[in-house]
Amino acid sequence: MNALSEQILSELRHLLSEMSDGGRVGPSVYDTARTLQFHGKITGRQDAYAWLVAQQQADGGWGSADFPLFRHAPTWAALLALHRADPLPGAADSVQAATRFLEREPDPYAHAVPEDAPIGTELILPQLCGEATSLLGSTAFPRHPALLPLGQAYLVKLGAVATLPSGHPLLHSWEAWGTSPTTACPDGDGSIGISPAATAAWRARAVTLGSPRQVGRADAYLQAASRATRSGIEGVVPNVWPINVFEPCWSLYTLHLAGLFAHPALAEAVRVIVAQLDAHLGMRGLGPALHFAADADDTAVALCVLRLAGRDPAVDALRQFEIGELFVTFPGERNASVSTNIHALHALRLLGKPAAGTSAYVRANRNPHGLWDNDKWHVSWLYPTAHAVAALAQGKPQWRDERALTALLQAQRDDGGWGAGRTSTFEETAYALFALHAMDGSEEPTGRQRIAQAVARALEWMLARHAVPQTPLWIGKELYCPTRVVRVAELAGLWLALRWGRRILAEETGAAP
């Protein structure tokens, strides 16, 4: 066990030291399909098309059947891309299967827009649906009527703007509304809104205007984004890139949840990242990437990290996103984010600032079981629950929540893991352990025993699945996986479970822990 703990610390140190390359994100069906479609030429992209075909599920759709809300965008996009690639092996069959899937799949936007709808869906889905209907002439496709008023309102607003500044949030979905490259300005990395799909669409428009320098920058960005997937296939791209603020911020925050933030073995790697975050955080706050608009979520987590490192950052950068008793992630967003307000609460408490309204909002936004779900940035209830428990327990040594503890323990699967879908995942099991870790210190002996038994079962499950494939659970235009962020969570969860097991063994034998 000691050898495994050292191995975990070594891998964590390595992951932290790599976080200067823009970030690592798993491949995206939606962005790959859109990029292929905008690229136009099949020659030189055959492997990317083959990858797209290989991702199709048995029912004809793309994306996990566990989370049907997030399957429409990748399926529409893949259908459109593969329809253009009919001569390639498997393309025609994939299009037929996708068509059947869309014709029979219930429309989640028939009457209302779910709170956790994918990013940009009000612009993206109507456009994709229109393209497919025009191309295939089918009247049986879902029409997403609830999205139309929202999309039209955005288009009216965008029609009144000549050019959006570099890094503006709406540029992230430029592929769904942009018609002229003059309406968008590439950022310092050559991207449009840190989106491969938006950048590929913008590049295609710029080619027609003969702007070789700008096209070259877009090409360089798309190549770098493709490398970030580690797929080894040219043209396969991630859902978002770079994430050179989000990745280090969430990784260090996760270390704190596991009790690893101040571990001597990680001290130097943590110090380097903290210094970089401190240098970049100004009055405007931080966004997921250095060249993207600031938001409350990234700003709040950065403030948490800096305070945990002993810095004294100003809270003003976060207060600009405060409206009443809530924090909006981006100004003008459609609905508030539970996890953004959880992170804001944690930052305020760490900084010793008043947070009664935010605390009340976080407490109120629970389901009947006492857990947090329906977040707009992560599909699993275990993510906001772990973070909410940590935020509510911050500075409250006697904080207890029996309802949440009971529900969390009852949600553990027979195999010892946790998961919001049909199977347990390593990432979600780690979140469950972080929540139990925050609760354990203030529990009575009976409660601590219940927690210890759950942790022992989780550890057994984790040890048997130390290197399982990661599951996309983060909400973008589809579900995606920020692979380093998730790997840090997995390793931190395993390290915590190992440490817990050693402590319990020491207590049982009467030895010093």
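Salt bridges and surroundings

Modeller: This is a predicted model, and it holds 22 salt bridges.

Colleague: Which residues are linked in a network of salt bridges?

Modeller: The network takes in Glu 18, Asp 21, Arg 24, Arg 230, Glu 247 and Arg 484. Within it, the side chains of Glu 18 and Arg 24 form a salt bridge at 3.5 Å, N to O.

Colleague: Is Glu 18 buried or partly exposed?

Modeller: Glu 18 is partly exposed, because its relative accessibility is 22% and the buried class stops under 20%.

Colleague: What about Glu 175 and Lys 477, what is the N to O distance there?

Modeller: The salt bridge between their side chains has an N to O distance of 2.9 Å. The pair links distant parts of the chain, 302 residues apart. Glu 175 is in the loop between α7 (148-159) and α8 (196-209), and Lys 477 is in the loop between β3 (474-475) and β4 (479-480).

Colleague: And are those two buried or exposed?

Modeller: Glu 175 counts as buried, at 0% relative accessibility. Lys 477 is buried as well, at 1%.

Colleague: Where do Arg 271 and Glu 268 sit, and how many residues apart?

Modeller: Both are in helix α11, residues 267-280, and they are 3 residues apart, so about one helical turn separates them. Arg 271 is partly exposed with a relative accessible area of 46%, and Glu 268 is partly exposed at 48%.

Colleague: Let me step back to the charges. How many positive and negative side chains in the chain?

Modeller: There are 43 positive and 49 negative ones, and the centres of the two sets lie 3 Å apart.

Colleague: What does the fold look like in terms of helices and strands?

Modeller: The chain has 20 helices and 4 strands. Its C-alpha trace spans about 75 × 45 × 45 Å along the principal axes.

Colleague: How does the radius of gyration sit against a compact globule?

Modeller: It agrees: for 513 residues a compact globule would come out near 24 Å, and the chain has 23 Å.

Colleague: What share of the residues is buried?

Modeller: Buried residues are 58% of the 513. The accessible surface is about 20000 Å², with 54% of that belonging to carbon and sulfur atoms.

Colleague: Now single residues. Where is Thr 329, and what is it in contact with?

Modeller: Thr 329 is in the loop between β2 (326-327) and α14 (338-350). Leaving aside neighbours within four places in sequence, Thr 329 is in contact with Asp 295, Ala 296, Asp 297, Phe 321, Ser 337, Thr 340 and Trp 377. Thr 329 counts as buried, because its relative accessible area is 2%.

Colleague: Last one, Leu 266. Which loop is that in?

Modeller: The one between α10 (246-257) and α11. Leu 266 has 0% relative accessibility and so counts as buried.

Colleague: What does Leu 266 touch?

Modeller: Not counting residues up to four places away in sequence, Leu 266 touches Leu 9, Leu 12, Arg 13, Leu 255 and Leu 260.

Colleague: How far is Leu 266 from Pro 74?

Modeller: They are 38 Å apart in space, C-alpha to C-alpha, and 192 residues apart in sequence.

Note on methods: Residues numbered from 1 in each chain as written. Predicted model: local features only at pLDDT ≥ 70, side-chain atom pairs only at ≥ 80, totals over all residues. Heavy atoms only, no water. Helix = DSSP H or I, 4+ residues; strand = E, 2+ residues; numbered from the N terminus. Rg over C-alpha atoms; globule rule 2.2 N^0.38 Å. Buried < 20%, exposed > 50% of the residue type's maximum accessible area, 1.4 Å probe, protein only. Areas by Shrake-Rupley, 256 points an atom, 1.4 Å probe, with all protein chains shown as cover. Lys, Arg positive; Asp, Glu negative; His and termini not counted. Charge placed at Lys NZ, Arg CZ, Asp CG, Glu CD. Salt bridge = Lys/Arg side-chain N within 4 Å of Asp/Glu carboxyl O. Contact = heavy atoms within 4.5 Å.
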